[in-house]
Amino acid sequence: MTIFYLIRHGEHTLLGRRLVGRMSGVGLSERGREEARWLAGRLAEERIDALYASPMQRTRETAAIIAEALNLAIGCREDVIELDYGEWTGASFDSVRGDPRWQPWNQSRSIATLPGGESMRAVQQRIVAALFDLHAAHPDARVAIVSHGDVIRAALLFALGMPLDFYSRIEVAPASINTIRLETSTIRVLGLNERPRLPVSK
């Protein structure tokens with residue numbers, strides 16, 4: 001049995017303004033660093049045996065704060081990297097909302113593919129494969145993975161047996177913890193969207 005803590009990175013400097021995707025040079029904001037410190041304190045209550053992160057800057061920065069507090073090494077996993085937004089990488093939300101391809105992408109995640117990018121089904125396949133690979137590597141362990149919102153949603157939808165088109169029914173906030181228990185023949189969601197208890201930004 002492996003317990004997975006699927007953690008979305010903390011707030012970054014372009015949150016809510018741009019589809020940053022796999023853009024380089026996008027790090028945590030000061031609030032994001034505060035959120036990461038909260039995550040470190042929260043995870044200190046658990047017995048975390050291993051810590052992994054996507055290679056993106058914002059996930060690595062979040063993981064580094066956790067790793068320092070928990071005295072853990074960070075393993076880099078390409079298979080938990082952010083969704084590839086293709087042509088929309090770095091675009092403002094206002095601009096992509098005006099693209100006629102935006103609505104089909106949001107309404108039909110099970111069959112749609114981002115222009116020049118990745119499908120949600122491909123994302124789900126790689127995150128689920130990563131979970132089973134890490135389950136084999138860490139049986140009877142607690143594993144934290146710092147990843148991204150859509151990647152975590154894809155994992156949760158798989159665990160819940162829900163179609164990908166229901167992705168918007170699950171909230172995965174910045175710096176949230178989502179907990180899954182994976183056994184040889186069963187998978188169970190133990191917690192959803194546990195968020196930092198920080199003052200509201202003004």
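## Exercises on a predicted model

In this predicted model, Ala53 has Val146 in strand 4 as its bridge partner. The exercises below start from this pair.

**Exercise 1. Describe the loop between helix 5 and strand 4 through His138 and Asp140. Is His138 buried or exposed? Is Asp140 buried or exposed?**

Solution. 
- Step 1. His138 lies in the loop between helix 5 and strand 4 (141-147), and Asp140 is placed in that loop as well.
- Step 2. The relative accessible area of His138 is 18%. Buried means under 20%, so His138 is buried.
- Step 3. Not counting residues up to four places away in sequence, His138 touches Thr2, Ala50, Tyr52 and Val143.
- Step 4. For Asp140 the relative accessible area is 60%. Exposed means over 50%, so Asp140 is exposed.
- Step 5. Asp140 has a phi near 55 degrees, a positive value in a residue other than glycine.

**Exercise 2. Work out how helix 5 and helix 6 are oriented to each other, and which residues make the contact.**

Solution. 
- Step 1. Helix 5 spans residues 120-137 and helix 6 spans residues 149-160. They pack at an angle of about 75 degrees, and their axes are 8 Å apart.
- Step 2. Angles of 65 to 115 degrees count as roughly perpendicular, and helix 5 and helix 6 are therefore roughly perpendicular to each other.
- Step 3. Helix 5 brings Met120, Val123, Gln124, Arg126, Ile127, Val128, Leu131 and Phe132 to the contact. They meet Asp150, Val151, Ala154, Ala155, Leu157 and Phe158 in helix 6.
- Step 4. By class, the residues of this contact are 11 nonpolar, 1 polar and 2 charged.

**Exercise 3. Locate Arg153 and list its contacts. Is Arg153 buried or exposed?**

Solution. 
- Step 1. Arg153 is in helix 6.
- Step 2. Its relative accessibility is 14%, so Arg153 counts as buried.
- Step 3. With neighbours within four places in sequence left aside, Arg153 is in contact with Tyr167, Ile170 and Val172.
- Step 4. Arg153 and Leu6 are 147 residues apart in sequence, and their C-alpha atoms are 9.7 Å apart in space.

**Exercise 4. Describe the packing of helix 1 on helix 2, then the residue Asn71. What is the handedness of the crossing?**

Solution. 
- Step 1. Helix 1 (residues 30-43) and helix 2 (residues 57-70) pack at an angle of about 35 degrees, with axes 8 Å apart.
- Step 2. Their crossing is right-handed.
- Step 3. In helix 1, Arg33, Ala36, Arg37, Leu39, Ala40 and Leu43 meet Thr62, Ile65, Ile66, Ala69 and Leu70 of helix 2.
- Step 4. This contact has 8 nonpolar, 1 polar and 2 charged residues.
- Step 5. Asn71 lies in the loop between helix 2 and strand 3. Asn71 is exposed, at 72% relative accessible area.
- Step 6. The phi of Asn71 is near 55 degrees, a positive value in a residue other than glycine.

Note on methods. Residues are numbered from 1 along each chain as its sequence is written. This is a predicted model: local features need pLDDT of at least 70, side-chain atom pairs count only at pLDDT 80 or more; totals for chains, interfaces and linings use all residues. Side-chain values use heavy atoms; hydrogens and water are left out. Axes are lines fitted to C-alpha atoms, for helices over the stretch in contact, and angles run from 0 to 180 degrees between N-to-C directions. Helices (H or I, at least four residues) and strands (E, at least two) are DSSP runs, numbered from the N terminus. Angles under 35 degrees count as roughly parallel, over 145 as roughly antiparallel, 65 to 115 as roughly perpendicular and the rest as oblique. Contact means heavy atoms within 4.5 Å. Ala, Val, Leu, Ile, Met, Phe, Trp, Tyr, Cys and Pro count as nonpolar, Asp, Glu, Lys and Arg as charged, and the others, Gly among them, as polar. Buried means under 20% relative accessible area, exposed over 50%, partly exposed in between (1.4 Å probe, protein chains only). Two strands pair if DSSP finds at least two bridges between them. A crossing is left-handed if the near helix is turned anticlockwise from the far one by less than a right angle, and right-handed if clockwise.
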